Amino acid sequence: ALSLARHGRQVCLELRDDGPGLAADQLPRVFDRFWRASADRGDGGNGMGLAIAARITQAHGGAIRVFSTPGQGSCFRVLLPLLKP
């Protein structure tokens, strides 16, 4: 599920999935380059997608966070400042 909302001077983009989720000890590494939760997950990724998303978000003055529960999926939240009118 994808949602977009305004919170004061920020916009919040939230993406939720119902995938396998991540263990708490994995969360600090999610945005590291080349890190993958498990090579046997079969997603074919190289560990760069979330690292790139984090760098782009930071370059725009924002922040990206992940919340996850094993067996229940993950939620990625991107906060970006609104442009000044």
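Select Cys75: this residue counts as buried, at 3% relative accessibility, where buried means under 20% relative accessible area, exposed over 50% and partly exposed in between (1.4 Å probe, protein chains only). The model is predicted, so local features need pLDDT of at least 70 and side-chain atom pairs count only at pLDDT 80 or more, while totals for chains, interfaces and linings use all residues. Residues are numbered from 1 along each chain as its sequence is written, and side-chain values use heavy atoms, with hydrogens and water left out.

How many disulfides does a search of the whole structure find? The search finds zero; a disulfide is defined here as a pair of cysteine sulfur atoms within 2.5 Å. For Cys12, the nearest cysteine sulfur belongs to Cys75 and is 7.8 Å away. Cys75 is likewise in no disulfide. In general, a disulfide is a covalent bond between the sulfur atoms of two cysteines.

Now select residues 2-7, which form strand 1. Helices (H or I, at least four residues) and strands (E, at least two) are DSSP runs, numbered from the N terminus. Strand 1 is hardly covered: among its six residues, the count of buried ones is zero.

**Helix 1**

Move on to residues 49-59, the span of helix 1. Which residues of helix 1 are buried? They are Ala51, Ala54 and Thr57. These residues cover an arc of only 130° around the axis, and therefore lie on the same side of helix 1; the arc is that of the directions from the helix axis to the C-beta atoms. Gly49 and Ala59 are exposed residues on the face turned away from the buried side.

Finally, centre the view on Thr57, which is buried with a relative accessible area of 7%. Not counting residues up to four places away in sequence, Thr57 touches Gly62, Ala63, Ile64, Val78, Leu79 and Leu80, contact meaning heavy atoms within 4.5 Å. Just after helix 1, Gly61 takes a positive phi of about 80°.
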